Amino acid sequence: MNKSIKLTENRTLGRYAIVTDNVSAGEILFEEYPFVVGPKSNSKLICLVCCRPIDTDGLRCPKCKWPLCEKCVDEQIHRLECEIFVNNSVKFYGAYGSENEVCLQLDCITPLRFLLLIESNPDRWNTEIQLMEHHEIARRNSVQWNVDENNIVGYLHGPCGLKKRFSADMIQRICGIIEVNSFEARTKSGHEIRCVFPKTAVMSHSCVPNTCHSILASDGYKIFVRASVNIEKDTPLTACYTFTMSGTLARQEHLRKGKYFTCQCARCIDPTELGTHFSSIKCKKCDDGYVVSTDPLDESASWKCMVCMNIISSSATSQTLSAIQNEANGVEITLFTPEGIGKCEYLLKKLKHKLHPNHFIQIDLRQNLIKMLGRTPGYQLNELSDIQLKYKIDLCYQILSLLHVLHPGQTRVRAMLLYELHAPLFLHGKIAFRKGLINDTELKEILTKSIDLLDECITILQREDVSSIENKVVYVAANTLKYLQEAAKNNFY
Ligand SMILES: [Zn+2]
Ligand SMILES: [Zn+2]
Ligand SMILES: [Zn+2]
Ligand SMILES: [Zn+2]
């Protein structure tokens, strides 16, 4: 661990980490290689190493005949399971039905690698792995437990002949550790993969985390965990094991089903989600009231207007929301078309009367609009009117201020928004200057602001892997930054 980090323990949080010194935003807290890397569960037919999709009759490992692409044939990590499959003549049956079907057999790969690595690293088992959370009591007899009992314990004990080497309890424990602690990453070719990091796992969960991380596919999936905000001495380090830009009900469900705990962070217990009204619905009985859950930790709790006290059942609320969500999902197929922009704008207008302006469904629509304005035929940046530019600027600022509360600091989503914001801001300034609405000092201030936005965007995104989408943004942003700095120096704009 790079920073002074102390492990401590209490009843509510279990094992957790605190910093013993003040830490500044952006400082590295941990860096480590994963203990194990492997395919996610419910995976389709993919290469066992690089996780790229493979055809039904496509490439196979010359030894075990399990799916493996040419490039990955000599990868050390596959040798682990390869030997087991060869020795026990374990046959790979392929996907059920079409190419798009899930390959249940692949579910065993990550747990099997994990078990074999423990066998050859008993020290790490003693010092790190056996301390990892797996929520055995909550997990036991859950739906996933029974699925794992069948698909993983049964498969490793049966066809793989490992009954004597790994007990059912041990296999379930490893399945639990992977489920609760794994991080999703992208391979160099952009495919999803999961990694388990024992040191990183000591951070507790919060829906408003104070750390962020980058996983570098080009460096063996090494993780860098940084402080996303300034962190004061003795503060617990937190990561978010669900999505910060989901509403409380969705986050709670994800954490309960996938991580086996109920989050009781300040955001979760506050019906207004820290005053943002990220899940609030407009009241139909009064003019300016918003309806919020009477107990955000209980999905069956009724909802109540904060002004007129009108009560709505949880089932009525969820019906209303799923109807709106379905309509909003319809936008997806028209993304980056003029029709998509029209649909988003129409829905936002309509939802004004149904949801709080900060409601996550509206925020999602606004994020789509931000991406589309400037990248859609007829709506390229140089085709946008000053009103449209101003609209995009306002949308960016609105989401940035929401992020400041719900996911503060140096995050990837913030960096992407800064990137989206820099160009319309400068272009809008130029139009205003040409119309004589602002003077050249004011234009120069806007240019400086654009430069600052790009600068911060690059600082955050350059931490990502060279193969990542973020790295491509850094490349473009760096060129623009150079151009804008020249413009500022020579007063040509
Ligand atoms: Zn491969
Ligand atoms: Zn093989
Ligand atoms: Zn929470
Ligand atoms: Zn009301």
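Predicted model: local features only at pLDDT ≥ 70, side-chain atom pairs only at ≥ 80, totals over all residues.
Ser 89 is found in the loop between H1 and H2, and it has a positive phi of about 50° although it is not a glycine.

Helix H1, which covers residues 76-87, contains Gln 76. Is Gln 76 buried or exposed? With 7 C-beta neighbours inside 10 Å, Gln 76 counts as exposed. Although Gln 76 and Val 49 are 27 residues apart in sequence, their C-alpha atoms are 9.5 Å apart in space.

Strands of a sheet pair through backbone hydrogen bonds, either parallel or antiparallel. Here three strands form an open sheet in the order S4-S6-S5, and their pairing is antiparallel. Strand S4 (36-38) and strand S5 (183-186) stand at the edges with a single partner strand each, so one side of each is left without a neighbour in the sheet. On average, and with direction ignored, neighbouring strands of this sheet are turned by 30° against each other. S5 is joined by four bridges to strand S6 (residues 192-196), and these two strands run antiparallel. Along this pairing, Arg 186 stands opposite Glu 192 in S6, while Glu 184 stands opposite Arg 194 in S6. S5 and S6 form a hairpin with five residues between the strands, and in this hairpin Gly 190 takes a positive phi near 90°.

Helix H2 (residues 109-120) packs on a sheet by touching S4 and S6, and its direction makes about 160° with that of S4. Two packed helices are described by the angle between their axes and the distance between the axes. The axes of H2 and helix H6 (residues 168-181) come within 10 Å and cross at roughly 115°; the two helices are therefore roughly perpendicular to each other. In this crossing, which is right-handed, Thr 110, Pro 111, Phe 114 and Leu 115 in H2 meet Ile 171, Ile 174, Cys 175 and Ile 178 in H6. The residues of this contact divide into seven nonpolar, one polar and no charged.

A further hairpin is formed by S8 and S9, with five residues between them, and Gly 220 in its turn has a positive phi of about 60°. The two strands run antiparallel, with six bridges joining S8 to strand S9 (residues 222-227), and Thr 211 stands opposite Ala 227 in S9. In a regular strand the side chains alternate between the two faces of the sheet. In S8, Thr 211, His 213 and Ile 215 point one way, whereas Cys 212, Ser 214 and Leu 216 point the other way, and all are buried. Since six of the six residues of strand S8 (residues 211-216) are buried, S8 is largely enclosed by the rest of the structure.

Another open sheet is made of four strands in the order S11-S12-S13-S14, with antiparallel pairing. Its edge strands, strand S11 (281-282) and strand S14 (311-312), each pair on one side only. Strand S13 (residues 303-305) and S14 pair in the antiparallel sense over two bridges, and the bridge partner of Lys 304 in S14 is Ile 311.

The last topic is another helix pair. Helix H11 (residues 360-372) and helix H12 (residues 386-406) pack at an angle of about 135°, and their axes are 10 Å apart. That angle makes H11 oblique to H12, and the crossing of H11 and H12 is left-handed. From H11, the residues Ile 363, Arg 366, Gln 367, Leu 369 and Ile 370 meet Lys 392, Leu 395, Cys 396, Gln 398, Ile 399 and Leu 402 in H12. By class, this contact of H11 with H12 has seven nonpolar, two polar and two charged residues.

Definitions and conventions
Residues numbered from 1 in each chain as written. Chains lettered and ligands numbered in written order. Axes fitted to C-alpha atoms, helices over the stretch in contact; angles between N-to-C directions. Parallel < 35°, antiparallel > 145°, perpendicular 65-115°, else oblique. Left-handed = near helix turned anticlockwise from the far one by under 90°. Contact = placed C-beta atoms within 7 Å. Nonpolar A, V, L, I, M, F, W, Y, C, P; charged D, E, K, R; others polar. Buried ≥ 20, exposed ≤ 12 C-beta atoms within 10 Å, placed from the backbone. Pairing = 2+ DSSP bridges.
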